[in-house]
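Here are my notes on the model, point by point. Please read them with the structure open beside you.

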2 protein chains.
Amino acid sequence: MLEINPKILNITPYQPGRPIEEVKRQLRLKEVIKLASNENPLGPSPKAVKAIKGALGKINRYPEGGCFYLRQALSKKLKVGADNLIFGNGSDEIIDIIIKTFCQEDEEILTSEVSFLEYKIIAQQNGRLVRTVPLKDFKYDLSALRKNIGPKTRVIFIANPNNPTGSYVHKKEVEDFLLSLPDNILVVFDEAYFEFVDQKDFPNVLKYIEKGKNVMILRTFSKIYGLAGLRIGYGIAKKEFIQYLERCRQPFNVNLLAQEAAQAALSDADFVKKSKKIATEGKKYLYQSLKELGIEYIPSATNFILLNLRQDGLEVFKKLLRHGVIIRDMYQYGLKDFIRVTVGTKQENTRFVEVLKEIW
Amino acid sequence: MLEINPKILNITPYQPGRPIEEVKRQLRLKEVIKLASNENPLGPSPKAVKAIKGALGKINRYPEGGCFYLRQALSKKLKVGADNLIFGNGSDEIIDIIIKTFCQEDEEILTSEVSFLEYKIIAQQNGRLVRTVPLKDFKYDLSALRKNIGPKTRVIFIANPNNPTGSYVHKKEVEDFLLSLPDNILVVFDEAYFEFVDQKDFPNVLKYIEKGKNVMILRTFSKIYGLAGLRIGYGIAKKEFIQYLERCRQPFNVNLLAQEAAQAALSDADFVKKSKKIATEGKKYLYQSLKELGIEYIPSATNFILLNLRQDGLEVFKKLLRHGVIIRDMYQYGLKDFIRVTVGTKQENTRFVEVLKEIW
């Protein structure tokens with residue numbers, strides 16, 4: 001009998017947000033809006049689209065294995081060395097690479113109970129152990145993380161701001177946390193929503209990397225840069241770490257069009273500014289509308305909002321879906337009375353509020 | 001001290017073929033041809049390019065996690081169930097998924113000493129053991145593979161046709177080999193070059209999958225379909241296996257444009273036919289030219305040829321490079337006196353032969 005690796009048997013696969021086309025097809029709806037996956041509602045950067053068109057003639061060729069040109073551009077923009085960067089097929093792949101590089105089979109990762117689900121799933125796929133601690137006031141509880149570090153803990157994943165709560169841990173908390181850590185642990189700050197953050201007390205983790213600390217940053221082109229469909233994320237760390245991480249990367253992991261599009265999107269400051277503005281204004285409108293409806297929410301530093309409905313979120317999800325509004329229920333995250341809604345365009349936000357009012 | 005996982009320390013990273021742009025830049029050459037990575041010299045399928053253009057407006061959205069439409073199209077074309085397929089960010093990712101699913105940490109994979117390097121590298125990245133057996137007459141030696149199965153062997157990788165030799169194991173050999181195997185082993189036939197094969201005695205492995213055997217096929221859109229830059233490959237196996245493999249797949253592993261392009265390329269029979277014709281005619285021309293030069297080669301069932309130079313291949317590689325012809329030296333594969341050349345367009349093949357004559 002060919003046995004399945006017993007360590008992967010308990011994995012609960014990630015449930016993605018429902019695609020627009022699928023919902024249209026299944027519910028026979030003409031108008032469907034998706035506020036489920038924290039995507040950029042403006043579409044991709046026009047500069048990225050142009051760059052892709054210019055590169056179509058060479059997609060028969062393997063991509064640049066080391067993301068040469070994109071690496072130069074990003075290094076310049078972030079003011080970090082080109083050898084401080086690693087690129088992945090979305091940040092998901094970099095999470096996999098980090099676990100393979102820094103965590104042995106009998107060792108464990110530590111994260112929050114309610115956070116991006118892939119930390120846990122990818123650790124399980126790799127047969128690594130997972131330990132989680134509860135949130136505190138809907139925020140990562142760094143002192144609980146500190147207390148739960150065991151002898152086998154190797155990597156701590158902190159989504160900052162956190163998904164699905166939208167909350168963040170601030171500068172001082174991070175400073176104290178890092179000072180308190182033993183030196184055999186890597187802390188990964190997943191800053192997928194970094195570009196949406198306005199808060200002045202948001203930590204500057206790059207500073208710790210420059211100081212040679214055991215920290216790493218993950219960022220992505222899937223959110224504010226509007227390139228979720230192309231799959232490209234990156235990691236920042238000290239050179240010594242990148243060199244080891246590179247051993248666990250596949251040679252052609254980032255596709256050619258993603259590289260071209262990301263480089264162009266980086267240079268599209270107007271698009272980023274516009275995207276941030278629409279998120280900020282949208283949040284303001286949604287906060288106000290939720291207050292009027294008497295629905296509690298967690299203030300968000302990102303482009304999405306977690307709503308505490310104090311009633312079954314899956315039911316509300318289903319009702320919204322029947323009206324052609326796709327949001328995310330929070331069953332997978334263990335928050336059954338909650339839903340998460342991405343800030344969309346003005347029209348999309350209005351439509352969401354209209355339907356919510358109707359079913360509330 | 002933060003330790004690096006000791007199991008990844010011995011990995012020798014894969015050395016990709018040199019990109020055209022990089023060679024132009026470094027050697028200040030205007031005309032450079034690349035016959036190094038077994039890519040399709042005709043470019044991508046025009047239908048694929050058109051499909052990509054039509055999908056650019058939605059690259060801000062995450063891709064279909066399950067490759068819904070492509071899955072339907074491929075299932076129909078191959079006459080297999082939609083649930084017999086798994087898609088990856090290139091076949092590389094499916095190799096990783098297979099190892100995670102069927103091989104435990106203390107177990108091993110078995111393959112040939114001279115074959116696609118990623119089987120070994122990916123097994124090492126996952127901390128699995130690797131056992132290899134030598135080629136016999138530049139072919140996979142199935143009886144040596146059989147003899148080398150140990151109690152810990154779980155997955156056998158057979159590239160068929162093999163890269164970098166271009167040789168293949170035939171129907172009868174595969175039949176006998178599979179009959180001789182214990183039932184706790186998975187055999188993966190990597191058929192990346194399947195569409196170039198003309199030989200009547202090439203095995204029909206699909207038949208064994210239909211019979212429920214412990215076999216799996218890997219194929220790719222990187223070769224005859226001309227989409228190497230987009231990163232998309234697929235695996236075929238019985239439904240029960242696919243269900244387990246899916247647990248080790250990232251939810252958005254195949255980018256949106258790759259899915260659209262692959263679906264369109266599948267329907268472009270003219271392009272595939274033309275691509276095969278150019279490979280067949282090119283091989284004929286190259287065989288003849290090599291004979292005239294007195295250079296030995298391994299007859300190939302693929303779109304590339306392994307040349308036995310009986311002198312240092314790296315030197316010849318360097319000389320060709322200085323003339324703007326990129327081919328592949330075989331140092332990584334342990335074949336120091338060999339080079340591998342991809343069959344290009346008529347003009348590219350002629351150029352390669354001209355330069356080879358000059359330096360020979």
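1. Ground rules. This is a predicted model, in which local features need pLDDT of at least 70, side-chain atom pairs count only at pLDDT 80 or more, and totals for chains, interfaces and linings use all residues. Residues are numbered from 1 along each chain as its sequence is written, chains are lettered from A and ligands numbered from 1 in the order in which they are written, and side-chain values use heavy atoms, with hydrogens and water left out.

2. The interface of chains A and B. Contact (heavy atoms within 4.5 Å) links 78 residues of chain A with 78 residues of chain B. The area buried between the two chains is about 6,700 Å², and carbon and sulfur atoms give 56% of that. Buried area here is the accessible area (1.4 Å probe) that two parts lose on being put together, summed over both. On the chain A side, A:L2, A:Y62 and A:R247 lose the most area to chain B, together 12% of what that side buries.

3. Salt bridges. A salt bridge is counted when a side-chain nitrogen of Lys or Arg is within 4 Å of a carboxyl oxygen of Asp or Glu. The structure holds 39 of them over all chains, and four salt bridges are found across the interface of chain A and chain B. In one, the side chains of A:E39 and B:R61 meet at 2.7 Å, N to O. In another, B:E39 pairs with A:R61, with the closest N and O atoms 2.7 Å apart. B:E39 lies in the loop between strand 1 (33-34) and helix 2 of chain B, and A:R61 in the loop between helix 2 and helix 3 of chain A, so this pair joins two chains. Helices (H or I, at least four residues) and strands (E, at least two) are DSSP runs, numbered from the N terminus.

4. Helices 3 and 10 of chain A. Two packed helices are described by the angle between their axes and the distance between the axes. The axes of helix 3 (residues 68-78) and helix 10 (residues 256-266) of chain A come within 9 Å and cross at roughly 25 degrees. Axes are lines fitted to C-alpha atoms, for helices over the stretch in contact, and angles run from 0 to 180 degrees between N-to-C directions. Helix 3 of chain A and helix 10 of chain A are therefore roughly parallel to each other; angles under 35 degrees count as roughly parallel, over 145 as roughly antiparallel, 65 to 115 as roughly perpendicular and the rest as oblique. From helix 3 of chain A the contact uses A:Y69, A:L70, A:A73, A:L74 and A:K77, and from helix 10 of chain A it uses A:Q259, A:A262, A:Q263 and A:L266. By class, that contact of helix 3 with helix 10 has six nonpolar, two polar and one charged residues. Ala, Val, Leu, Ile, Met, Phe, Trp, Tyr, Cys and Pro count as nonpolar, Asp, Glu, Lys and Arg as charged, and the others, Gly among them, as polar.

5. Helices 2 and 10 of chain B. The axes of helix 2 (residues 46-55) and helix 10 (residues 256-266) of chain B come within 8 Å and cross at roughly 140 degrees. The two helices of chain B are therefore oblique to each other. B:K47, B:A48, B:A51, B:I52 and B:A55 of helix 2 meet B:L256, B:L257, B:E260, B:A261, B:A264 and B:A265 of helix 10. This contact of helix 2 with helix 10 in chain B has nine nonpolar, no polar and two charged residues.

6. Helices 11 and 13 of chain A. Helix 11 (residues 269-293) and helix 13 (residues 346-359) of chain A pack at an angle of about 10 degrees, with their axes 10 Å apart. That makes helix 11 of chain A roughly parallel to helix 13 of chain A. Their contact divides into seven nonpolar, four polar and one charged residues.

7. Backbone points to check. Most residues other than glycine have a negative phi, and most peptide bonds are trans. The peptide bond from A:N163 to A:P164 is cis, with omega near 20 degrees, and A:P164 lies in the loop between strand 5 (153-159) and helix 7 (171-180) of chain A. In chain B, the bond from B:N163 to B:P164 is cis, with omega near 20 degrees. A:C67 is not a glycine but has a positive phi of about 50 degrees; A:C67 sits in the loop between helix 2 (46-55) and helix 3 of chain A.
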